[in-house]
Structure formats: structure tokens, C-alpha cells
Amino acid sequence: MTEYSVQLQQGNRDAKAICTRLSKPSVVMHWLIAFIVIFSIALGYYMTLNDRYDLYSLHKAIGVLLLPLAAFRIAWRIRKGFPTPCTRMEKGKLWVAKGAHSLLLLCTLVMPISGFISSAAGGYGVPLFGISLIDAVPQDMRPINQLLATTAHTTHIFAGYFITGLLILHIAAAGWHHFVIKDRTLQRMLGR
Ligand code: HEM
Ligand code: HEM
């Protein structure tokens with residue numbers, strides 16, 4: 001049983017009419033994590049492009065906070081399953097949507113983990129709002145582990161490009177549902 005009380009019925013011609021509401025935890029987790037991810041992406045590009053090293057600690061701390069939230073959300077999704085679509089879709093499209101959502105969820109783990117390993121193995125440390133989770137080491141001792149630091153850094157950068165592209169498609173798909181198909185996909189994610 002998914003989190004929907006009513007499932008889409010095979011052969012129902014008015015599929016839009018039985019699109020049911022999403023549970024509160026689904027909606028709250030979606031928007032809380034969406035806000036953190038979008039803010040972290042914007043801050044990540046801004047600080048690297050403008051050499052704003054003073055912002056690195058904030059970027060790291062916010063990203064670290066995302067990790068437990070993302071892990072909880074993924075466990076929740078695995079238990080409850082993905083939402084049943086508001087408009088009936090062909091199998092192929094359904095798999096594309098599920099695949100894209102799964103990749104977005106995966107990126108919410110890969111981004112903070114790769115960022116964390118890159119900073120820790122590079123010797124730069126990981127601060128969390130005044131608490132040092134991993135201490136930075138003096139410059140002549142960096143990196144602590146070159147291979148790990150470089151692999152994690154490259155992963156962080158490419159996963160960053162990947163999630164940025166995927167998010168543009170995700171937001172475009174939400175707009176397509178709302179303005180073109182005119183179903184309740186966006187409305188129910190807004191808790192309505
Ligand atoms: C302005 C930004 C965003 C909008 C307008 C938006 C919109 C939506 C909508 C309408 C749905 C419902 C799809 C359905 O019912 O099948 C959805 C689901 C989803 N969105 Fe977003 N989204 C945004 C940002 C994000 C971000 C930043 C992430 C990154 C992790 C994300 C990840 C997901 C996932 C994984 C789902 C699948 C359902 C779930 O697990 O909650 N979204 N989004
Ligand atoms: C929400 C999770 C995160 C997202 C979406 C994110 C995203 C980004 C992006 C887009 C960049 C710019 C990459 C580029 O130059 O092309 C970046 C850079 C960076 N991120 Fe993250 N990040 C996240 C979490 C973390 C965490 C948890 C850490 C460390 C604990 C971290 C450490 C760094 C560092 C050190 C850089 C600068 C890399 C450089 O100078 O080349 N990030 N991040």
C-alpha cells in the first residue's frame with residue numbers, strides 16, 4: 001500500500017479527478033530539502049567563482065546538515081514508495097519520472113558525502129557552526145590523502161553539474177504539469 005488512499009484505476013478516463021493528497025511529511029521534507037539543495041548549489045558556485053573562501057564554512061555546515069535529512073527521506077521513500085502520478089502515464093514515461101526522482105534522491109547523499117570526504121581528506125577540515133567535526137591541518141601537511149581528496153573533489157564538482165541539470169528538467173516538468181497538462185501535480189506538492 002502506498003501513501004495514497006485511492007490508487008489510479010486502470011481504464012479510468014478522468015484520471016486527474018482522483019489525484020489524491022500527499023502526506024504532510026512528504027511535502028515538508030520535499031520543500032525543506034529543496035531549499036537546502038538549491039541554496040547550497042547557488043552558494044557553491046558563487047563562492048568558487050568569486051574566491052569567497054570566507055563562505056566555505058557556511059557551505060560545508062549547511063551541506064552536512066542535509067545528510068541526515070536526506071537519509072531519513074530516502075528511507076521514508078523506500079518504505080512508502082513513490083507517489084502515484086496525478087495523470088495516467090505510459091510505462092516508459094513513468095520509469096523516466098521514477099528514474100529522475102531516484103537520481104535526485106541519490107544526489108542528496110552524494111553531494112554532502114563527496115564534499116565531506118574532499119574537505120576532510122584534503123586537510124581543510126569540516127566545521128559545523130563553531131564545532132569542528134574534522135580539524136584542518138597546517139598547509140604543509142595537505143592533502144592528508146591525495147587520491148581520496150581528488151576523487152571526492154571531482155565527484156563533488158561533476159555531481160554538482162549533474163544535479164543542476166536534473167533540477168532544471170525537474171522544475172520544467174513541474175511547470176509542464178501545472179501550465180500545460182493542468183493537473184494537480186504541483187498543487188498537491190504544495191500541500192493542497
Ligand atoms: C522550485 C523547485 C522545485 C519544484 C517546483 C518541485 C516540484 C515538484 C513536484 C510538483 C513534485 C511532485 C511530483 C509527483 O507528484 O509525482 C516533486 C517531486 C519530487 N521532487 Fe521536487 N521540486 C523542486 C525542487 C526539488 C529539489 C531541489 C529536489 C532535490 C532533491 C527535488 C526532488 C524531488 C523528488 C525526489 C520528488 C519525488 C517525490 C518525493 O520523493 O518527494 N525537488 N517536485
Ligand atoms: C547540499 C549539499 C551540497 C551541494 C548541493 C554542494 C554543491 C556545490 C557546488 C555546486 C560547488 C561548486 C563546484 C564547482 O566549482 O563547480 C561546491 C563546491 C564546494 N563544496 Fe559543496 N555542496 C554540498 C555540500 C558540501 C559539503 C557537505 C561540503 C564539505 C563538508 C562541501 C564542500 C565544498 C567545497 C570545499 C567546495 C569548493 C571546491 C573548490 O574550491 O573547488 N560541499 N559545492
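This is a predicted model: local features need pLDDT of at least 70, side-chain atom pairs count only at pLDDT 80 or more; totals for chains, interfaces and linings use all residues.
## Around ligand 2

Ligand 2 has 22 residues around it, and Ser40, Gly44, Gly63, Gly115 and Gly160 are the closest. Four helices supply at least two residues each to this shell: helix 1 (24-49), helix 2 (56-80), helix 3 (91-122) and helix 4 (146-181).

Sorted by class, the residues around ligand 2 are 12 nonpolar, nine polar and one charged.

## How helix 1 meets helix 2

Two packed helices are described by the angle between their axes and by the distance between those axes. For helix 1 and helix 2, the angle is about 150 degrees and the axes lie 10 Å apart. Angles over 145 degrees count as roughly antiparallel, so helix 1 is roughly antiparallel to helix 2. The crossing of helix 1 past helix 2 is left-handed.

On the side of helix 1, the contact is made by Pro25, Met29, Leu32, Ile33, Ile36, Phe39, Ser40, Leu43, Gly44 and Met47. Helix 2 contributes Tyr56, Leu58, His59, Ile62, Gly63, Leu66, Leu69, Ala70, Arg73 and Trp76. The contact of these two helices comprises 15 nonpolar, four polar and one charged residues. Ser40 and Gly44 of helix 1 and Gly63 of helix 2 belong to this contact, and these three are also among the residues closest to ligand 2.

## Annotated regions

An unreviewed UniProt entry places the feature "transmembrane region" at residues 27-46, 58-76, 96-117 and 158-180. In the model, residues 27-46 are 100% helix and 0% strand, and the end C-alpha atoms of this span lie 28 Å apart. Residues 58-76 are likewise 100% helix and 0% strand, with end C-alpha atoms 28 Å apart.

The unreviewed UniProt entry also carries the annotation "domain: Cytochrome b561 bacterial/Ni-hydrogenase", which covers residues 22-191. This span is 73% helix and 4% strand, and its end C-alpha atoms lie 7 Å apart.

Methods
Residues are numbered from 1 along each chain as its sequence is written. Chains are lettered from A and ligands numbered from 1 in the order in which they are written. UniProt positions are given in the numbering used here, feature names are shortened, and annotations may be inferred rather than shown by experiment. A residue is near a molecule or strand if its C-beta atom, placed from the backbone, lies within 6 Å of it. Ala, Val, Leu, Ile, Met, Phe, Trp, Tyr, Cys and Pro count as nonpolar, Asp, Glu, Lys and Arg as charged, and the others, Gly among them, as polar. Axes are lines fitted to C-alpha atoms, for helices over the stretch in contact, and angles run from 0 to 180 degrees between N-to-C directions. Angles under 35 degrees count as roughly parallel, over 145 as roughly antiparallel, 65 to 115 as roughly perpendicular and the rest as oblique. A crossing is left-handed if the near helix is turned anticlockwise from the far one by less than a right angle, and right-handed if clockwise. Two residues are in contact if their C-beta atoms, placed from the backbone, lie within 7 Å.
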